[in-house]
Amino acid sequence: MNQRKTAEKNKSGEKAIIIRTIDLVKSYGAGDAITYALRGVDSKIYRGEFIAILGPSGSGKSTFFNMVGALDSPSKGRVLIDEVDIAQLNAGELAFLRCRKIGYIFQSFNLIRYMTALENVTVPMAFAGVPPEEAHSRGMELLELVGLADRWSHRPIEMSGGQQQRVAIARSLCNNPKILLSDEPTGNLDLKTGGEILEVMRKINKEKGVTIICATHDLRLLDVCDRMMWIRDGRIQKVEDRANIKVRVGQIGGAK
Amino acid sequence: MKPISVKDQVQLGPGRVFQLSLAGMYYRITGSLITVLILSLAVAFLSYVLFYGVLSYDTEYTAYSELKKQRQLGSWLVRLSTTDSHSDILRAVQTNNTGRLAEYQQWGELSDTQMERLREISKDVSGYRAYFDKISKTSRAVLIADTDPLVLAEKLSEPNRIDEFVERVENLDLEPPLGSKAELRTFVNEQYPFFTSITDEIQSGQRAAINHIREATTAKPLHELFASGETSFLSMLKNSGYTIENETYNKLSREAQAQIDMESIAAALDDQRFAPRLAREMNIKKGALNVSAVLRWANSRGKVDWFVEHANGVSLSTDRILELAKSFRRSSQLQKVVGDKIPVKRAGIFSLEQRTLWLILVSFLVCLVGITNTMLMSVTARFSEIATMKCLGAMDSFVMQLFVYEAMSQGLVGSALGVVLGLLLAFLRSTVGYGGLVFEAIHVGDIMLISVISFLTGIIIAALAAMWPSWTASRLAPMEAMRVE
């Protein structure tokens, strides 16, 4: 309760914080064989911003991402979502959080193969206990939003990668999440489709005010995001506002 | 903007989970069918063994009872010519054969209290005899060789023999019969003499009855007397103390008549001119010609007409021979089913050999492993799907239910198929072995019971096999979904 109140107070300050990590450490193995994926990460993510997390493979980017998304628990340190320590939540509350407050978009789309586009979109609503009729109409609205209303009855195998990713985005939005986590959303897509997906994400961020955290290698994302965070060797290398960075876009998506 | 408030996740209803489970199975139809197949084979094996056990047992027992009813004449002829032995009397007391006991009471002129005493002492006598059946063959050889234990009891009543005997028993590291030396002494000196005195009374009474019947019938052969079916003979039996129902008497008459008729057929076969002709007619070698062969061959009116016309000295009608042939075929069919076994009444549906029970157990273990394996495959193949569902807010219990329902519905279908398959196989085998007799001896209740038991066992096995894989699936970390395949 006290934590809630602190959150309210912060709102009156310059920017409200939605996720905070305090000295986040994640290690695998023990003794001599111990490997650190994260070596103490302190970060703040603000409400309604679009933050890109950049870093080479093996930098701890995905691990950080999993911690923030309440998919994994840290070895040391804390993750506070809206000033609530997720380590204190029980299994049911974690499921509730994943179901309604956080939306996930995966690099490999992860649609359920035997379900149609519409059924895939309605799965999280079923978990949230939304009545089927309501879930159906909301699902259609979301498919409309991502431009796939006419393909609602198609199964993932009958759709292109871009279309599948758009279904996944619709699915991630169906319980009106506050946070959208996406791990390399454009990783499996060609340049053009990837661009379209980024456009959809930007629209969601601006129109719905959803906080978007996006791990990526795709430099075009820099155009879309508000802030960038570089992770290297399990530590934050630097954090920059988009405004302070100059980006020149080249011919084939290459940039400096 | 509202702050994030966290509550407990709602649980999904079983209907919705089942729907999702069905969709998942439909997607992996081959794997599901393999599970169904494995399970149905295991259940088919169990139900087949039980079904066949019950069917063959009942068929044999029914055949045996029918044969026993058909063949009572022999034992009656024995009982009308010699007295019942000690063992016969003991058995009658033990099985509480009221008919026999009434006979004994009359022959021995025993009072009700004496009968009661006989009952009590019979227990000790049986216990004494059972002692010698229980000890090892070598010990038995050392103690009494091949003689009846009752003969030994006779000898032990001589002075000092008991001490000597008990010493020998103790040298063999055994307890004396009836528990202690004192008990044995009372038995030998009091109970056993009473038993023999009573049985002697009974036997002398029976001997008198036998002699009376012989004199009254001028020593006419007994089976002819039975064949006559006269009520005077029946009342003579009753008056001499034998317990015999009118119905039994009629049956015995028919059996005796059949025996006499078969003898007359046998006599015709001795005719040196007729026998070769008959053998040619029957298309068999002359050496193989006998009454059984004739009765087996005589299955149509034409054949029997020919036989009656050509055979000398057979005064039987065609209908009578056909009737004899029919009952002969029936009894030889029964005899073939029974063989030289003496079936006793079945205790339940699990009256199986130890070996068979082991086989069933092993088949279930194999089935358990097989299903667990296919279920694990199903879980592994759906790793990313399960993890995704967990990212989307699925609870552990939901995932667990998903797989348990999957296994249960596969168990349902597999068990049902298995029971049907087992029943078919059991009927097929027993019909091949016993012919139409199987259908005369079916216990519908037991068949139903076995079906239900096999069916439930199948479902339980499926549920057990699903436990570990479901648990593995439910504990899967949601971040598995993030892995790129």
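Does B:E109 count as buried or exposed, and how many C-beta neighbours does B:E109 have inside 10 Å? B:E109 counts as exposed, because 10 C-beta neighbours lie inside 10 Å, where a residue is exposed if 12 or fewer other C-beta atoms lie within 10 Å of its own, buried if 20 or more do, and partly exposed in between, with the C-beta atoms placed from the backbone. The residue belongs to a predicted model, in which local features need pLDDT of at least 70 and side-chain atom pairs count only at pLDDT 80 or more, while totals for chains, interfaces and linings use all residues. Residues are numbered from 1 along each chain as its sequence is written, and chains are lettered from A and ligands numbered from 1 in the order in which they are written.

B:E109 lies in the loop between α5 (98-107) and α6 of chain B, the helices here, like the strands, being DSSP runs numbered from the N terminus (H or I with at least four residues for helices, E with at least two for strands). Although B:E109 is not a glycine, its phi is positive, at about 50°. Most residues other than glycine have a negative phi. A second residue of this kind is B:N283, which is not a glycine either and has a positive phi of about 60°. B:N283 is placed in the loop between α14 (274-282) and α15 (291-297) of chain B, and B:N283 is exposed, with 7 other C-beta atoms within 10 Å.

Chain B as a whole has 21 helices and zero strands. Its radius of gyration, taken over C-alpha atoms, is 36 Å, whereas a compact globule of 485 residues would have one near 23 Å, by the globule rule of 2.2 Å times the number of residues to the power 0.38. Taken along the principal axes, the C-alpha atoms of chain B fill a box of roughly 125 × 75 × 40 Å, and 32% of the 485 residues count as buried. Of the contacts in chain B with a separation of 6 or more, 84% are between residues 24 or more positions apart, a contact meaning that the C-beta atoms of two residues, placed from the backbone, lie within 7 Å.

One helix pair of chain B can be followed in detail. The axes of α4 (residues 86-94) and α6 (residues 112-134) of chain B come within 10 Å and cross at roughly 115°, the axes being lines fitted to C-alpha atoms, for helices over the stretch in contact, with angles that run from 0 to 180 degrees between N-to-C directions. That makes α4(B) roughly perpendicular to α6(B), since angles of 65 to 115 degrees count as such, those under 35 as roughly parallel, those over 145 as roughly antiparallel and the rest as oblique. At this crossing B:L90, B:V93 and B:Q94 in α4(B) meet residues of α6(B), among them B:L118 and B:V125.

Elsewhere in chain B, helix α19 holds B:K390, which is buried, with 27 other C-beta atoms within 10 Å. Leaving aside neighbours within four places in sequence, B:K390 is in contact with B:L476 and B:P478; B:K390 and B:P478 are 88 residues apart in sequence, yet their C-alpha atoms are 5.4 Å apart in space.

The two chains meet where 30 residues of chain B are in contact with 37 residues of chain A. On the side of chain B that touches chain A, the elements that give two or more residues are α1 (14-27) and α19 (383-391) of chain B, and α1(B) gives the most, with five residues.

Chain A has eight helices and ten strands. Its radius of gyration is 18 Å, close to the 18 Å that the globule rule gives for 256 residues, so chain A is as compact as a globular protein of that length. The C-alpha trace of chain A spans about 50 × 50 × 45 Å along its principal axes, and 46% of the 256 residues count as buried.

Within chain A, six strands form an open sheet with mixed pairing in the order β6-β7-β8-β3-β9-β10, two strands being paired if DSSP finds at least two bridges between them. β6 (102-105) and β10 (235-241) of chain A stand at the edges, each with a single partner strand, so one side of each is left without a neighbour in the sheet. Strand β9 (residues 227-232) of chain A runs antiparallel to β10(A) and is joined to it by six bridges, and there A:W230 stands opposite A:K238 in β10(A).
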